[in-house]
Structures are given as C-alpha cells and as structure tokens.
Amino acid sequence: MPANANLINVLLLLAVMFVGYLFVLIPILIYYAIQHMRSPQLILMPEEEACDYYTGKCGSESEWARSRQFQEAGVYRWQQNFILVWEHVESATFFQVTLSPYGRFHNFTTLFVDDYSLLTANDRESLIFPAPPRRFVQSFGIEQIEPLYEKHSSAVEDLIRIKHLELSHEFPEFEESYLASMQRQHEHVRSVMFYPVRGIWWYHIDRRSRFNRPIDLQQAVLDN
C-alpha cells in the first residue's frame with residue numbers, strides 16, 4: 001500500500017506540474033514576450049566590435065553574403081541577442097544572423113510596396129505568434145544558408161507572380177524596419193482576445209504545424 005500511495009503521489013505531482021506548465025507558465029511567458037515588443041530598443045555596436053563579429057564569429061556568413069551581393073549593415077544588440085545584418089545592394093532584402101543563448105539563427109526579410117513583407121527563417125520561434133496583416137512568415141529546419149535563401153527567393157517570386165506584389169523601391173534603414181515590424185507584431189497580438197491563453201495553442205500546436213511548410217499562397221490572396 002505505501003508503495004502504491006507513493007506512486008499515486010508522484011503521478012499527481014507530475015500532473016500538477018504539467019497543468020501548471022501548460023496553463024500557467026506558457027501564458028506568462030507569452031505575456032512578457034509581447035510586453036518586450038512594446039518599446040523594443042536596438043543598440044548599434046561600435047564599428048570595431050562589429051568587425052570582430054563579421055570576420056570572426058560569423059566569418060562564413062560574411063563570405064556567403066559577399067558572394068550574393070549583400071553588404072554589411074551593422075551589428076545590433078537586443079536583450080541577450082546579437083543581430084548581424086546585411087542588406088542586398090539591389091533589392092530591399094535583409095539577411096540577418098541572430099546569436100542568442102539558445103543558438104545561431106538565420107533569416108531573410110524582403111520588403112514590398114504597401115507595407116507587405118516576407119520573412120523566411122530557420123527557427124520555430126518565428127512562428128509562435130500569428131503574423132499581422134500583409135506580413136508573411138515561413139520557417140524551415142535548414143541550417144545551410146544557400147538552401148534557405150532559395151526558399152525565400154522562391155516565395156518572393158510566387159508573391160510577385162500570384163499576388164502581384166511589387167518590391168519596395170525604398171531602402172529603409174534596418175533599425176527602422178525592424179522596430180516597426182516588432183511594434184506591428186505587438187499591436188496585432190494584443191488585439192487578440194485572451195492572447196496569453198491563446199498562446200498555449202500557438203506555442204504547442206501552431207508553430208509546429210507551420211514549421212517546414214511554405215506560405216499558403218491561396219490563403220495569402222484571400223486574407224491579405
């Protein structure tokens with residue numbers, strides 16, 4: 001009997017921990033993540049320190065960027081992350097490498113006219129929140145830069161062909177574009193009723209179901 005009672009207590013404890021994680025911790029994390037987007041701040045690193053990141057920690061990314069006509073646009077610090085940025089010399093496309101305590105992540109962002117944009121990343125966290133109108137997001141488990149860029153370029157061509165989007169004729173500063181995107185994401189999620197609770201679905205189900213899937217062009221035409 002004592003052994004059975006101990007087993008039951010352990011199972012009850014595990015059940016309580018699971019419920020607490022699912023219905024308490026995740027909503028709290030979602031809430032604070034959104035609060036951090038309210039007034040995001042990027043800190044531009046001095047040129048000498050930035051050079052160390054471009055040539056040292058991200059030397060392979062820098063070499064690839066030069067081969068694809070991307071030029072260095074600055075290294076920024078946001079919270080615990082370091083963000084290295086390159087911009088394409090001919091189109092409003094940014095290549096971004098984020099160095100965080102959880103790993104190294106790549107993404108590409110292309111800007112279109114009328115505030116449309118496309119983000120292609122290689123981490124699930126990019127898919128946690130529902131994208132604001134006119135913003136398309138896709139993510140793939142691809143570590144190599146070239147295949148990820150091909151996925152991004154293919155989606156850009158599809159949006160131009162099917163949705164008739166036009167590439168932006170302006171070349172905004174990365175900081176301006178990044179902060180505006182964060183604030184739009186903050187406002188969009190805050191507009192969703194009970195968003196911390198809805199975050200349980202976004203975190204556990206939605207981001208996994210959308211991972212490794214290109215943007216739904218048919219839905220993009222209907223919804224945006």
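Modeller: Before we start, a residue is called buried when its relative accessible area is under 20%, and exposed when that area is over 50%. Please keep in mind that this is a predicted model.

Biologist: Is Thr93 buried or exposed?

Modeller: Thr93 belongs to strand β4, which covers residues 93–100. Its relative accessible area is 6%, and the limit for a buried residue is under 20%. Thr93 therefore counts as buried.

Biologist: Which residues line the largest cavity?

Modeller: The structure has one cavity of 30 Å³ or more, and about 30 Å³ of space lies in the largest cavity. Both β3 and β4 supply at least two residues of its lining, which by class is made up of four nonpolar, three polar and two charged residues. The lining residues are Glu87, His88, Ser91, Ala92, Thr93, Phe94, Glu170, Phe171 and Pro172.

Biologist: Which element supplies the largest share of the largest nonpolar core?

Modeller: Among the 23 residues of that core, Leu42, Ile83, Phe129, Phe174, Tyr178 and Tyr195 touch the most other members. At least two residues each come from α1, β2, β3, α5 and α6. The largest share, five residues, is supplied by α5.

Biologist: Leaving aside residues up to four places away in sequence, what does Tyr178 touch?

Modeller: Tyr178 is one of the residues that touch the most other members of the largest nonpolar core. With residues up to four places away in sequence not counted, its contacts are Leu42, Trp78, Ile83 and Gln96.

Technical notes
Residues numbered from 1 in each chain as written. Predicted model: local features only at pLDDT ≥ 70, side-chain atom pairs only at ≥ 80, totals over all residues. Heavy atoms only, no water. Helix = DSSP H or I, 4+ residues; strand = E, 2+ residues; numbered from the N terminus. Buried < 20%, exposed > 50% of the residue type's maximum accessible area, 1.4 Å probe, protein only. Core = buried A, V, L, I, M, F, W, Y, C linked by side-chain atoms within 4.5 Å. Contact = heavy atoms within 4.5 Å. 1 Å grid on protein atoms, 1.4 Å probe; cavity = no way out; pocket = protein on both sides within 12 Å on 5 of 7 lines; lining within 4 Å. Points joined across faces, edges and corners; volume = space filled by probe spheres on them. Nonpolar A, V, L, I, M, F, W, Y, C, P; charged D, E, K, R; others polar.
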